[in-house]
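This report describes how the parts of one model are arranged and how they meet. It should be read alongside the sequence and the coordinates shown here.

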Amino acid sequence: MGQLASALVTMILGVLACAAYFYGSNALLDWLFPGKNRPAEQIARNLRIANRIRPWLFVGPAVLVLTFYLFYPVIDSFILSFHGRTGEEFVGLSNYQWLLGSDEFYESFRNNMLWLIVVPTAATFFGLVIASMTDRIWWGNIAKSLIFMPMAISFIGASVIWKFIYDYRSGDDPQIGLLNALVVFFGGEPQAWITIPFWNNFFLMVILVWIQTGFAMVILSAALRGIPDETIEAAVLDGANGVQIFFKIMVPQIWGTIAVVWTTITILVLKVFDIVLAMTNGQWGTQVLANQMFDWMFRGGGDFGRGAVIAIVIMVLVVPIMVWNIKRANAEMEGR
Amino acid sequence: MVTSKKGSALTLVMHASVLFLVILWTIPTAGLFISSIRDKDQLSVSGWWTALSTSEQRLVERALDPTHQQFEEGRWVIKGNLMGNSDGEVVRFGVSSLQPEAHAVGEVVDRKGKQIQVFANGDYTISSDEEMSGRRGDRIFFTAEIPPRFTLDNYREVLSSEGLGQSFINSLTVTIPATIIPILIAAFAAYALAWMKFPGRALLIAGVVGLLVVPLQMSLIPLLKTYNLVGEFFGVGSKTYVGIWLAHTGFGLPLAVYLLRNYIAGLPGEIIESARVDGASDFDIFRKIILPLSFPALASFAIFQFLWVWNDLLVAMVFLGNNEEHLVLTGRLRELLGSRGGNWEILTASAFITIIVPLCVFFGLQRYLVRGLLAGSVK
């Protein structure tokens, strides 16, 4: 209880400090360059100066935090990737050489590519199918809510949930994992699913698909509702059937949204870490880049250079999406 | 007529398939919850889907030792009960480990001059013509049918002895400030980026959009290095709550600024212009007009950030560490997964404790969450 009390106090202090900064800095600006009770000329000059400074008071903290926590680290990671274990001695390209010669890297890279192909595709597909079906039944909202629910569950919580499903008992002991129980029920042999090389990757991917389908569904469902009724009605009058309407009318109309969902999940997949750490910690051929990087950060006291190199690989994979996002945002702002 | 018939068949298929998908999506969580309230002996021998049926367990108990024997009707007798306090029914029993199910209840079995009898309710009698000797009682093997038992013992255990209670407090300590601080900072920045004119504004917006997708992994090593230096300088170590609050603030800020800027830019300009004409300063406009109007967007982001921070494992492990008194729920769960891998009663109860808060937030505030998602990605 003592901790919670002191946490609450620090919490309130932190928030107050934040509020005090904004309030205080604005008050200070108004005091230095008063906009009232002065000769008109001076007021105009004061207002001009204050108006030039004030935006920076508003964006200042955000810019500082973003620079320190995201912008500077990107550059520093890049520099660190040319340095040794402790990040002090310059080693040139040797980290990159190590990376390209390391089997573990190829394994992680291959697995990441598998994740990249399977998870966004599956989540978007299921999301689209569920969205189009739930929009047409009366209990659709309840159904959506339940499918959306895994979104709120942490990756590590989801890992426990699914590890329980994949649980394996050797011999004749009754299986308490759902999957093996089903396999036994249908007369198959129980398996230790997460140790089967290559295929175990897919058992891990199922977890992320389970979590992300709800996200895809919510966004695609909103997009589907945005399609004007007339379009659908016209297609019905022309004699199109349900499947044709879905693939030839609805899907093309929401193509842009599908792309957004796809890229959002793609970025998430590139960073997938918790699931692999909790399920296998990269054993049995399931290593991925983010987990490998975490491993190198702390393995044997930590190797910052090699960790940074792996981070750079993840970053490079994200860059195309980043460029596309910025272009899209710019186009939108011009359109506004 | 034909169309309506075809339509209803199609509708039926649709209902069935949605039902199937919903079950598929909820069963994993349901299984976790049901398992977490089952008796731990039952949990380890039968699947959670059998939770409502009686389970058959093979057990072994040691009978009372000969000091408890009494002389009754010309024989020496030891009486007792195998089931203790739990209810259930004994169906078979045996006196050797090789044949644990050799005898039906009620049967009288000879063993080394003693007659052993076990009844369905667990009562047993061991009798002998001569006075029994030895220090230990006989072992009796039996198969019992135990009715379903639900209990909160698992929760009691993890909250006290596994340290989940402490971790719960730690998670709250991390999450609440890490949710509120970025909102404050982002709201001011978003207003400036939406309604104030200054050089470099477009560049800043593009920068925020770009940082939106920068992987966390890029920041970890440089920040860890800096934190080590700063911690050394102040003599407080690198793992502090303030450190993780600020880290989460930094990582959540791009989305916060982006979401809020989009929302605030969409507010009607006439209100802001007329307030300016009336002589209100930007600070007043922000405080009295923008903040109340952007409540839905603030709530959306708050939910996102809360879920993200509460569910985060990576940032907590790097910036708060793994020591006992700082471990957050996700970190604790990960540790239990390693140390108590086979004890599903511990894991399921712990997992449920870690997901219960986000689930409540989710079901309570789903409206805002959906709105935020739509604003964050469709626009």
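## Domains, chain contact and helix packing

In chain A, the C-alpha centres of domain 1 and domain 2 lie 39 Å apart. The model is a predicted one. Domain 1 of chain A covers residues 2-80 and domain 2 of chain A covers residues 95-335. The contact between these two domains involves four residues of domain 1 of chain A and six residues of domain 2 of chain A. On the domain 1 side of this contact in chain A, three residues are nonpolar, one is polar and none is charged.

Chain B is likewise assigned a domain 1, residues 55-146, and a domain 2, residues 156-377. The centres of domain 1 and domain 2 of chain B, taken over C-alpha atoms, are separated by 62 Å.

**Contact between the chains**

The contact between the chains is formed by 90 residues of chain A and 87 residues of chain B. Helix 2 of chain A, residues 40-80, supplies the largest share of the chain A side, with 18 residues. By residue class, the side of chain A that touches chain B comprises 67 nonpolar, 17 polar and six charged residues.

Two packed helices are described by the angle between their axes and the distance between the axes.

| Helix pair in chain A | Angle | Distance between axes |
|---|---|---|
| Helix 4 (residues 103-134) and helix 11 (residues 255-270) | about 140° | 9 Å |
| Helix 8 (residues 199-225) and helix 11 | about 155° | 10 Å |

With an angle of about 140°, helix 4 of chain A is therefore oblique to helix 11 of chain A. Helix 4 of chain A crosses helix 11 of chain A in a right-handed manner. On helix 4 of chain A, the contact residues include A:Trp115, A:Leu116, A:Val119, A:Pro120 and A:Gly127; among their counterparts on helix 11 of chain A are A:Ile258, A:Val261, A:Trp262 and A:Ile265. The residues of this contact between helix 4 and helix 11 of chain A are divided into eleven nonpolar, four polar and no charged.

Helix 8 and helix 11 of chain A pack at an angle of about 155°, and the two helices are therefore roughly antiparallel to each other. Their crossing in chain A is right-handed. The contact draws on A:Leu208, A:Gln212, A:Ala216, A:Ile219, A:Leu220 and A:Ala223 of helix 8 of chain A, and on residues of helix 11 of chain A including A:Thr257, A:Ile258, A:Val261 and A:Ile265.

**Recorded features of chain B**

An unreviewed UniProt entry lists "transmembrane region" for several stretches of chain B, among them residues 241-260 and 289-310. In the model, residues 241-260 of chain B are 100% helix and 0% strand, with end C-alpha atoms 26 Å apart. Residues 289-310 of chain B are 95% helix and 0% strand, with end C-alpha atoms 31 Å apart.

The feature "domain: ABC transmembrane type-1" is placed by UniProt, in an unreviewed entry, at residues 168-365 of chain B. Over residues 168-365 of chain B, the model is 80% helix and 0% strand, and the end C-alpha atoms are 21 Å apart.

Conventions
Residues numbered from 1 in each chain as written. Chains lettered and ligands numbered in written order. Predicted model: local features only at pLDDT ≥ 70, side-chain atom pairs only at ≥ 80, totals over all residues. Domains from an automatic or database assignment. Contact = placed C-beta atoms within 7 Å. Nonpolar A, V, L, I, M, F, W, Y, C, P; charged D, E, K, R; others polar. Axes fitted to C-alpha atoms, helices over the stretch in contact; angles between N-to-C directions. Helix = DSSP H or I, 4+ residues; strand = E, 2+ residues; numbered from the N terminus. Parallel < 35°, antiparallel > 145°, perpendicular 65-115°, else oblique. Left-handed = near helix turned anticlockwise from the far one by under 90°. UniProt positions renumbered as here; feature names shortened; annotations may be inferred.
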